[in-house]
Amino acid sequence: GEGLKLGIEVKLMGQFSENLNVSETDLCVILTNAVSNAFEAACRCGEGSVITVTLTQYRDIQFIRISNPTVEKPQIKDGVIRPGTTTKEDKRNHGLGVMNILDGVRRCNGSVEWRYKEAQ
C-alpha cells in the first residue's frame with residue numbers, strides 16, 4: 001500500500017486489559033477511524049513518518065494513545081478536534097471519522113482528547 005511505499009512505520013506498545021468492557025464493534029470503529037486518520041496525516045508528512053499506538057490501563061480504565069506527525073495544525077477546541085474541518089477536498093463525506101470515534105467512545109462511557117504539540 002501507499003504507507004509501505006512512503007516508509008510509514010506503526011509502533012504498537014502495550015496491550016488491552018483482559019477485562020475490557022467494550023464491544024468488539026465499538027473497539028473496531030474507534031481503532032479503525034483513529035488509526036486511519038493518523039495514517040493519512042503521516043502520509044502527508046512523507047517518508048519515515050512514525051505512528052505510535054500505546055495501550056495502557058489504570059485501575060479499570062483502558063487508555064489508547066495514538067500519536068502521529070502532521071503537516072498542518074489541527075483545529076482543536078476544548079480537547080476535541082473540530083469535526084468537518086477536513087483537509088480533504090470532499091468535505092461532505094469526510095470528518096466522519098472523528099464523529100465515529102466520538103460516538104464509539106461515548107457508547108463505552110469513555111472520553112477522547114486531542115492534543116497538538118509543535119515539533120521540537
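Start by selecting R44, which is partly exposed with a relative accessible area of 41% (buried means under 20% relative accessible area, exposed over 50%, and partly exposed in between, with a 1.4 Å probe and protein chains only). Before you go on, please note that this is a predicted model, in which local features need pLDDT of at least 70 and side-chain atom pairs count only at pLDDT 80 or more, while totals for chains, interfaces and linings use all residues. Residues are numbered from 1 along each chain as its sequence is written, and side-chain values use heavy atoms, with hydrogens and water left out.

Helices (H or I, at least four residues) and strands (E, at least two) are DSSP runs, numbered from the N terminus. E72 is partly exposed, with a relative accessible area of 31%.

Select D78 and K77 for one of them, where the closest N and O atoms are 3.8 Å apart. D78 is exposed at 73% relative accessibility, and K77 is exposed at 56%.

Next, pick E113 and R115, a salt bridge whose closest N and O atoms are 3.0 Å apart. Here E113 counts as exposed at 53% relative accessibility, and R115 counts as exposed at 68%.

**Stop three: a hairpin**

Now show residues 50-58, strand β2, together with β3: they pair in the antiparallel sense over seven bridges (two strands pair if DSSP finds at least two bridges between them). Select V53 and you will find I66 of β3 standing opposite. The hairpin of β2 and β3 has two residues between the strands, and R59 takes a positive phi near 55 degrees there.

**Last stop: the cysteines**

Finish with C45, which is partly exposed at 28% relative accessibility. Which cysteine sulfur is closest to the sulfur of C45? It is the one in C43, 9.1 Å away and too far for a bond. The count of disulfides comes to zero, where a disulfide is a pair of cysteine sulfur atoms within 2.5 Å.

Note on methods:
A salt bridge is a side-chain nitrogen of Lys or Arg within 4 Å of a carboxyl oxygen of Asp or Glu.
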